[in-house]
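Hi everyone, thanks for making time for this. I would like to walk you through one structure, so please have the viewer ready.

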Amino acid sequence: MWIQEKRWAQLMDERFNTAEQMRASVFFEGPGIRARYSRFWLLLILASVIASAGVVADSTATVIGAMIVAPLMTPILGTMLATVLGDHTNLVRSVLLVVTGALAAIAIGYVVGTFVAADVTSVTNPQVASRVTPRLIDLLAALGTGVVGSIALVRRDISDTLPGVAIAISLVPPLSVVGLTLESGAVVESLGALLLFLTNVVAIIGTGIVVMSIYGVNRLSRTDHLGERRSLRRPVALMVAMFVLIGTPLAFSTVGAATGALTEKAVVSAADEWSSAVGWKVAGVSTKDGTVTVRVEGPLPLPDTKQLSVLLKAVNIDPDTVTVTFVPIYSVDLGTP
(Lines give C-alpha, C1' and ligand atoms only; values in the text may rest on other atoms or scores of the structure.)
Protein backbone atom coordinates (compact mmCIF):
# COMPACT_ATOMS: atom_id res chain seq x y z
CA MET A 1 0.00 0.00 0.00
CA TRP A 2 2.82 2.36 0.94
CA ILE A 3 4.58 1.57 -2.36
CA GLN A 4 1.42 2.37 -4.32
CA GLU A 5 1.01 5.71 -2.50
CA LYS A 6 4.65 6.55 -3.15
CA ARG A 7 4.25 5.70 -6.83
CA TRP A 8 1.11 7.84 -7.02
CA ALA A 9 2.93 10.76 -5.40
CA GLN A 10 5.77 10.33 -7.89
CA LEU A 11 3.30 10.28 -10.78
CA MET A 12 1.68 13.46 -9.48
CA ASP A 13 5.09 15.14 -9.31
CA GLU A 14 5.75 14.15 -12.92
CA ARG A 15 2.41 15.42 -14.22
CA PHE A 16 1.73 18.53 -12.16
CA ASN A 17 3.67 21.72 -11.61
CA THR A 18 4.35 22.86 -8.09
CA ALA A 19 3.10 26.20 -6.77
CA GLU A 20 6.64 27.58 -7.14
CA GLN A 21 6.82 26.47 -10.77
CA MET A 22 3.47 28.06 -11.55
CA ARG A 23 4.52 31.27 -9.83
CA ALA A 24 7.74 31.34 -11.82
CA SER A 25 5.85 30.98 -15.11
CA VAL A 26 3.30 33.78 -14.63
CA PHE A 27 4.50 36.14 -11.88
CA PHE A 28 6.83 39.06 -12.48
CA GLU A 29 9.12 38.64 -9.47
CA GLY A 30 12.53 37.36 -8.50
CA PRO A 31 16.03 38.20 -9.72
CA GLY A 32 15.04 38.14 -13.40
CA ILE A 33 12.17 40.58 -13.06
CA ARG A 34 13.74 43.28 -15.27
CA ALA A 35 14.29 40.81 -18.10
CA ARG A 36 10.70 39.61 -17.79
CA TYR A 37 9.38 43.16 -17.98
CA SER A 38 11.50 44.02 -21.01
CA ARG A 39 10.39 40.82 -22.75
CA PHE A 40 6.74 41.54 -21.98
CA TRP A 41 6.77 45.08 -23.33
CA LEU A 42 8.86 44.21 -26.38
CA LEU A 43 6.52 41.38 -27.38
CA LEU A 44 3.41 43.42 -26.59
CA ILE A 45 4.48 46.33 -28.77
CA LEU A 46 5.42 44.03 -31.65
CA ALA A 47 2.21 41.99 -31.30
CA SER A 48 0.13 45.19 -31.30
CA VAL A 49 1.84 46.46 -34.45
CA ILE A 50 1.41 43.08 -36.17
CA ALA A 51 -2.25 42.80 -35.12
CA SER A 52 -3.06 46.34 -36.26
CA ALA A 53 -1.37 45.76 -39.61
CA GLY A 54 -3.14 42.41 -40.00
CA VAL A 55 -6.54 43.95 -39.29
CA VAL A 56 -5.97 46.85 -41.71
CA ALA A 57 -4.75 44.47 -44.43
CA ASP A 58 -7.55 41.98 -43.66
CA SER A 59 -4.94 39.23 -43.26
CA THR A 60 -6.10 36.41 -41.01
CA ALA A 61 -2.65 34.78 -41.03
CA THR A 62 -1.03 38.00 -39.78
CA VAL A 63 -3.60 38.39 -37.02
CA ILE A 64 -2.99 34.80 -35.92
CA GLY A 65 0.73 35.54 -35.80
CA ALA A 66 0.02 38.46 -33.49
CA MET A 67 -2.01 36.17 -31.21
CA ILE A 68 0.96 33.83 -30.83
CA VAL A 69 3.42 36.64 -30.13
CA ALA A 70 1.16 38.52 -27.68
CA PRO A 71 2.25 38.11 -24.03
CA LEU A 72 -0.97 39.32 -22.35
CA MET A 73 -1.97 35.78 -21.40
CA THR A 74 0.85 35.71 -18.81
CA PRO A 75 -0.34 38.56 -16.53
CA ILE A 76 -3.97 37.42 -16.95
CA LEU A 77 -3.03 33.96 -15.69
CA GLY A 78 -0.95 35.71 -13.05
CA THR A 79 -4.04 37.60 -11.90
CA MET A 80 -5.92 34.34 -11.63
CA LEU A 81 -3.14 32.52 -9.74
CA ALA A 82 -2.52 35.45 -7.40
CA THR A 83 -6.24 35.50 -6.59
CA VAL A 84 -6.24 31.79 -5.76
CA LEU A 85 -3.05 31.97 -3.71
CA GLY A 86 -4.07 35.16 -1.94
CA ASP A 87 -0.90 36.95 -3.11
CA HIS A 88 -1.90 40.62 -2.93
CA THR A 89 1.40 41.97 -4.25
CA ASN A 90 1.41 39.88 -7.40
CA LEU A 91 -2.33 40.42 -7.84
CA VAL A 92 -1.86 44.19 -8.02
CA ARG A 93 1.22 43.79 -10.22
CA SER A 94 -0.55 41.46 -12.67
CA VAL A 95 -3.70 43.60 -12.88
CA LEU A 96 -1.61 46.70 -13.58
CA LEU A 97 0.23 44.86 -16.36
CA VAL A 98 -3.06 43.78 -17.95
CA VAL A 99 -4.51 47.30 -17.78
CA THR A 100 -1.40 49.14 -18.98
CA GLY A 101 -0.74 46.52 -21.64
CA ALA A 102 -4.30 46.85 -22.94
CA LEU A 103 -4.03 50.65 -23.03
CA ALA A 104 -0.72 50.39 -24.90
CA ALA A 105 -2.23 48.04 -27.50
CA ILE A 106 -5.18 50.39 -28.00
CA ALA A 107 -2.84 53.37 -28.39
CA ILE A 108 -0.73 51.54 -30.98
CA GLY A 109 -3.87 50.60 -32.92
CA TYR A 110 -4.96 54.25 -32.86
CA VAL A 111 -1.56 55.42 -34.14
CA VAL A 112 -1.56 52.83 -36.93
CA GLY A 113 -5.05 54.02 -37.88
CA THR A 114 -3.75 57.55 -38.47
CA PHE A 115 -1.56 56.25 -41.29
CA VAL A 116 -4.50 54.59 -43.07
CA ALA A 117 -6.32 56.74 -45.60
CA ALA A 118 -9.71 55.02 -45.36
CA ASP A 119 -11.70 54.49 -42.16
CA VAL A 120 -11.22 51.06 -40.61
CA THR A 121 -14.74 50.01 -39.56
CA SER A 122 -16.99 46.97 -39.72
CA VAL A 123 -18.43 48.19 -43.02
CA THR A 124 -15.08 48.25 -44.79
CA ASN A 125 -13.15 45.51 -42.97
CA PRO A 126 -14.22 41.91 -42.19
CA GLN A 127 -11.59 41.62 -39.44
CA VAL A 128 -13.26 44.49 -37.62
CA ALA A 129 -16.77 43.20 -38.28
CA SER A 130 -15.96 39.88 -36.61
CA ARG A 131 -14.82 41.58 -33.39
CA VAL A 132 -17.25 44.43 -32.70
CA THR A 133 -20.42 42.45 -31.98
CA PRO A 134 -19.52 39.82 -29.36
CA ARG A 135 -22.23 37.35 -28.40
CA LEU A 136 -22.82 34.70 -25.74
CA ILE A 137 -21.20 32.12 -28.01
CA ASP A 138 -17.98 34.13 -27.72
CA LEU A 139 -18.21 33.86 -23.92
CA LEU A 140 -18.68 30.09 -24.26
CA ALA A 141 -15.60 29.83 -26.46
CA ALA A 142 -13.62 31.99 -24.02
CA LEU A 143 -14.68 29.80 -21.10
CA GLY A 144 -13.49 26.65 -22.87
CA THR A 145 -10.21 28.27 -23.83
CA GLY A 146 -9.74 29.56 -20.28
CA VAL A 147 -10.15 26.04 -18.91
CA VAL A 148 -7.50 24.70 -21.28
CA GLY A 149 -5.10 27.53 -20.43
CA SER A 150 -5.54 27.01 -16.70
CA ILE A 151 -5.05 23.24 -16.93
CA ALA A 152 -1.94 23.81 -19.05
CA LEU A 153 -0.58 25.97 -16.22
CA VAL A 154 -1.21 23.23 -13.66
CA ARG A 155 -0.22 20.17 -15.69
CA ARG A 156 3.20 20.11 -17.28
CA ASP A 157 2.25 17.19 -19.56
CA ILE A 158 -0.13 19.37 -21.60
CA SER A 159 1.73 22.68 -21.44
CA ASP A 160 2.50 22.33 -25.16
CA THR A 161 -1.12 23.34 -25.84
CA LEU A 162 -0.45 26.95 -24.82
CA PRO A 163 0.29 28.12 -28.40
CA GLY A 164 -3.12 26.78 -29.38
CA VAL A 165 -4.66 28.60 -26.43
CA ALA A 166 -2.99 31.82 -27.59
CA ILE A 167 -4.61 31.41 -31.01
CA ALA A 168 -8.03 30.42 -29.66
CA ILE A 169 -8.29 33.27 -27.17
CA SER A 170 -8.48 36.74 -28.73
CA LEU A 171 -6.64 39.36 -26.68
CA VAL A 172 -4.49 41.82 -28.64
CA PRO A 173 -6.50 41.86 -31.94
CA PRO A 174 -9.67 43.20 -30.25
CA LEU A 175 -7.58 45.89 -28.56
CA SER A 176 -6.10 46.84 -31.92
CA VAL A 177 -9.63 47.07 -33.30
CA VAL A 178 -10.56 49.36 -30.39
CA GLY A 179 -7.78 51.76 -31.37
CA LEU A 180 -8.46 51.56 -35.10
CA THR A 181 -12.20 52.15 -34.76
CA LEU A 182 -11.68 54.96 -32.26
CA GLU A 183 -9.42 56.71 -34.76
CA SER A 184 -12.12 56.20 -37.41
CA GLY A 185 -14.75 57.74 -35.14
CA ALA A 186 -16.74 54.51 -34.68
CA VAL A 187 -17.06 54.71 -30.88
CA VAL A 188 -19.84 52.10 -30.62
CA GLU A 189 -17.77 49.58 -32.54
CA SER A 190 -14.74 50.27 -30.35
CA LEU A 191 -16.86 49.56 -27.26
CA GLY A 192 -17.95 46.26 -28.84
CA ALA A 193 -14.34 45.22 -29.42
CA LEU A 194 -13.45 46.23 -25.85
CA LEU A 195 -16.33 44.10 -24.59
CA LEU A 196 -14.89 41.11 -26.48
CA PHE A 197 -11.51 41.63 -24.81
CA LEU A 198 -13.08 41.94 -21.34
CA THR A 199 -15.16 38.83 -22.01
CA ASN A 200 -12.01 36.82 -22.71
CA VAL A 201 -10.18 38.20 -19.66
CA VAL A 202 -13.07 37.49 -17.29
CA ALA A 203 -13.51 34.00 -18.75
CA ILE A 204 -9.83 33.13 -18.27
CA ILE A 205 -9.74 34.36 -14.68
CA GLY A 206 -13.11 32.87 -13.74
CA THR A 207 -12.48 29.43 -15.19
CA GLY A 208 -8.94 29.51 -13.80
CA ILE A 209 -10.21 29.94 -10.25
CA VAL A 210 -12.52 26.95 -10.71
CA VAL A 211 -9.80 24.79 -12.28
CA MET A 212 -7.31 25.69 -9.56
CA SER A 213 -9.85 24.76 -6.90
CA ILE A 214 -10.54 21.41 -8.58
CA TYR A 215 -6.83 20.61 -8.68
CA GLY A 216 -6.39 21.76 -5.08
CA VAL A 217 -4.01 24.61 -5.90
CA ASN A 218 -5.98 26.92 -3.64
CA ARG A 219 -4.89 24.77 -0.68
CA LEU A 220 -1.19 25.17 -1.48
CA SER A 221 -0.98 28.67 -0.09
CA ARG A 222 -4.12 29.65 1.75
CA THR A 223 -2.49 30.58 5.04
CA ASP A 224 -0.48 33.67 5.80
CA HIS A 225 2.35 33.99 8.26
CA LEU A 226 -0.12 34.22 11.17
CA GLY A 227 -1.75 30.96 10.21
CA GLU A 228 -5.07 32.56 9.21
CA ARG A 229 -6.88 30.71 6.48
CA ARG A 230 -7.67 32.72 3.37
CA SER A 231 -11.10 32.41 1.80
CA LEU A 232 -11.99 32.31 -1.87
CA ARG A 233 -15.48 33.64 -1.21
CA ARG A 234 -14.69 37.27 -2.00
CA PRO A 235 -12.78 36.65 -5.26
CA VAL A 236 -15.39 34.12 -6.40
CA ALA A 237 -18.20 36.58 -5.60
CA LEU A 238 -16.31 39.25 -7.55
CA MET A 239 -15.95 36.94 -10.55
CA VAL A 240 -19.67 36.08 -10.47
CA ALA A 241 -20.48 39.80 -10.50
CA MET A 242 -18.11 40.32 -13.43
CA PHE A 243 -19.73 37.45 -15.35
CA VAL A 244 -23.13 39.07 -14.82
CA LEU A 245 -21.84 42.46 -16.00
CA ILE A 246 -20.21 40.92 -19.07
CA GLY A 247 -23.02 38.46 -19.79
CA THR A 248 -25.79 41.08 -19.81
CA PRO A 249 -24.55 43.10 -22.81
CA LEU A 250 -23.52 39.86 -24.54
CA ALA A 251 -27.07 38.57 -24.14
CA PHE A 252 -28.52 41.75 -25.64
CA SER A 253 -26.00 41.56 -28.47
CA THR A 254 -26.92 37.92 -29.12
CA VAL A 255 -30.64 38.68 -29.19
CA GLY A 256 -30.03 41.65 -31.50
CA ALA A 257 -27.91 39.55 -33.86
CA ALA A 258 -30.47 36.75 -33.93
CA THR A 259 -33.30 39.20 -34.62
CA GLY A 260 -31.27 40.86 -37.36
CA ALA A 261 -30.48 37.51 -38.96
CA LEU A 262 -34.16 36.53 -39.03
CA THR A 263 -35.08 39.90 -40.55
CA GLU A 264 -32.37 39.59 -43.22
CA LYS A 265 -33.55 36.07 -44.05
CA ALA A 266 -37.12 37.28 -44.57
CA VAL A 267 -35.95 40.22 -46.69
CA VAL A 268 -33.74 37.99 -48.85
CA SER A 269 -36.60 35.55 -49.36
CA ALA A 270 -38.90 38.31 -50.61
CA ALA A 271 -36.13 39.93 -52.67
CA ASP A 272 -35.26 36.60 -54.32
CA GLU A 273 -38.86 36.07 -55.41
CA TRP A 274 -39.15 39.62 -56.76
CA SER A 275 -35.74 39.74 -58.48
CA SER A 276 -36.24 36.40 -60.20
CA ALA A 277 -39.52 37.63 -61.66
CA VAL A 278 -37.88 40.77 -63.14
CA GLY A 279 -34.73 39.06 -64.42
CA TRP A 280 -32.39 40.33 -61.68
CA LYS A 281 -30.66 38.50 -58.80
CA VAL A 282 -29.77 39.27 -55.17
CA ALA A 283 -26.01 39.81 -54.82
CA GLY A 284 -25.85 40.58 -51.11
CA VAL A 285 -27.61 41.91 -48.02
CA SER A 286 -26.42 43.93 -45.04
CA THR A 287 -27.92 45.70 -42.04
CA LYS A 288 -26.86 48.98 -40.46
CA ASP A 289 -28.72 51.20 -37.99
CA GLY A 290 -31.92 49.19 -38.46
CA THR A 291 -31.94 49.52 -42.25
CA VAL A 292 -31.56 46.43 -44.42
CA THR A 293 -29.78 47.07 -47.71
CA VAL A 294 -30.34 44.60 -50.52
CA ARG A 295 -27.86 44.64 -53.39
CA VAL A 296 -29.27 43.36 -56.67
CA GLU A 297 -27.64 42.94 -60.06
CA GLY A 298 -29.15 42.68 -63.54
CA PRO A 299 -29.64 44.25 -66.99
CA LEU A 300 -31.23 47.61 -67.70
CA PRO A 301 -33.83 49.01 -67.42
CA LEU A 302 -34.21 49.22 -63.66
CA PRO A 303 -37.16 47.14 -62.47
CA ASP A 304 -40.13 48.51 -60.54
CA THR A 305 -39.99 47.87 -56.76
CA LYS A 306 -43.73 48.03 -56.02
CA GLN A 307 -44.07 44.26 -56.06
CA LEU A 308 -41.11 43.97 -53.68
CA SER A 309 -42.91 46.23 -51.19
CA VAL A 310 -45.97 43.97 -51.40
CA LEU A 311 -43.84 40.86 -50.76
CA LEU A 312 -42.09 42.50 -47.81
CA LYS A 313 -45.40 43.42 -46.18
CA ALA A 314 -46.54 39.83 -46.66
CA VAL A 315 -43.66 38.66 -44.38
CA ASN A 316 -44.27 41.46 -41.84
CA ILE A 317 -41.31 43.61 -42.94
CA ASP A 318 -41.80 47.38 -43.14
CA PRO A 319 -40.66 48.45 -46.65
CA ASP A 320 -39.46 51.76 -45.17
CA THR A 321 -36.70 49.81 -43.37
CA VAL A 322 -35.39 48.27 -46.60
CA THR A 323 -33.17 49.92 -49.22
CA VAL A 324 -32.45 48.43 -52.64
CA THR A 325 -29.13 49.11 -54.36
CA PHE A 326 -29.20 48.46 -58.09
CA VAL A 327 -26.02 47.38 -59.88
CA PRO A 328 -26.66 47.30 -63.65
CA ILE A 329 -24.74 44.72 -65.63
CA TYR A 330 -23.63 45.67 -69.15
CA SER A 331 -22.67 43.01 -71.70
CA VAL A 332 -20.44 44.07 -74.59
CA ASP A 333 -19.82 41.82 -77.57
CA LEU A 334 -16.17 42.47 -78.46
CA GLY A 335 -16.61 40.71 -81.80
CA THR A 336 -19.07 43.32 -83.04
CA PRO A 337 -17.41 46.11 -85.12
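Let me begin with a question: is Arg23 buried, partly exposed or exposed? Have a quick look before I go on. With a relative accessible area of 22%, Arg23 is partly exposed. The cut-off for buried is under 20%, so Arg23 falls in the middle class at its 22%.

Before we follow that residue further, a word on what we are looking at. This is a predicted model, so please keep that in mind throughout. The protein has 337 residues, and 39% of them count as buried. Its secondary structure consists of 13 helices and 3 strands. If you take the contacts with a separation of 6 or more, 74% of them come from residues 24 or more positions apart. The accessible surface is about 18100 Å², and carbon and sulfur atoms own 64% of that.

Now back to Arg23 and its partners. The structure holds 3 salt bridges, and Arg23 takes part in a network of them, together with Glu29 and Asp87. On one side, Arg23 pairs with Glu29, where the closest N and O atoms are 3.3 Å apart. Glu29 is partly exposed, at 30% relative accessibility. Asp87 itself is buried, with a relative accessible area of 13%.

Staying in that region, let us look at the helices. Helix H2, residues 19-26, packs against helix H5, residues 73-85, at an angle of about 145 degrees, and the axes are 9 Å apart. On the H2 side, the contact is made by Met22, Arg23, Ser25 and Val26. On the H5 side, the residues are Thr74, Leu77, Gly78, Leu81 and Leu85. Notice that Arg23 turns up again here, as one of the H2 residues in the contact. For those who like handedness, the crossing of H2 and H5 is left-handed.

Arg295 pairs with Glu297, with the closest N and O atoms 3.1 Å apart. Arg295 is partly exposed, at a relative accessible area of 37%, whereas Glu297 is buried, at 18%.

Next, please move to Trp274, which lies in helix H12, residues 233-277. Is Trp274 buried or exposed? Trp274 counts as buried, with 3% relative accessibility. And which residues surround it? Leaving out residues up to four places away in sequence, Trp274 touches Val296, Pro303, Asp304, Thr305, Gln307, Leu308, Leu311 and Phe326. Take Leu311 from that list: Trp274 and Leu311 are 37 residues apart in sequence, yet their C-alpha atoms are 7.7 Å apart in space.

Two serines deserve a stop as well. Ser48 lies in helix H3, and at 0% relative accessibility Ser48 counts as buried. Beyond residues up to four places away in sequence, Ser48 touches Ala105, Ile108, Val172 and Ser176. Ser59 comes in the loop between helix H3, 33-56, and helix H4, 60-69. Here the relative accessibility is 22%, so Ser59 counts as partly exposed. With the same exclusion of sequence neighbours up to four places away, Ser59 touches Gly54 and Gln127. Ser59 and Gln127 are 68 residues apart in sequence and 8.0 Å apart in space, C-alpha to C-alpha.

Finally, let us turn to the surface. Which residues form a nonpolar patch there? They are Tyr110, Leu182, Val187 and Leu191, and together they have about 360 Å² of accessible area. Tyr110 belongs to helix H6, residues 88-114, and is partly exposed, with a relative accessible area of 40%.

If you keep one picture from today, let it be the network that links Arg23, Glu29 and Asp87.

Notes:
Residues are numbered from 1 along each chain as its sequence is written. This is a predicted model: local features need pLDDT of at least 70, side-chain atom pairs count only at pLDDT 80 or more; totals for chains, interfaces and linings use all residues. Side-chain values use heavy atoms; hydrogens and water are left out. Helices (H or I, at least four residues) and strands (E, at least two) are DSSP runs, numbered from the N terminus. Buried means under 20% relative accessible area, exposed over 50%, partly exposed in between (1.4 Å probe, protein chains only). Contact means heavy atoms within 4.5 Å. Accessible areas come from the Shrake-Rupley method with a 1.4 Å probe; for residues, only the protein chains shown count as cover. Patches are made of residues with over 30% relative accessible area and no salt bridge: like charges are joined within 9 Å, nonpolar side chains (Val, Leu, Ile, Met, Phe, Trp, Tyr) within 5 Å. A salt bridge is a side-chain nitrogen of Lys or Arg within 4 Å of a carboxyl oxygen of Asp or Glu. Axes are lines fitted to C-alpha atoms, for helices over the stretch in contact, and angles run from 0 to 180 degrees between N-to-C directions. A crossing is left-handed if the near helix is turned anticlockwise from the far one by less than a right angle, and right-handed if clockwise.
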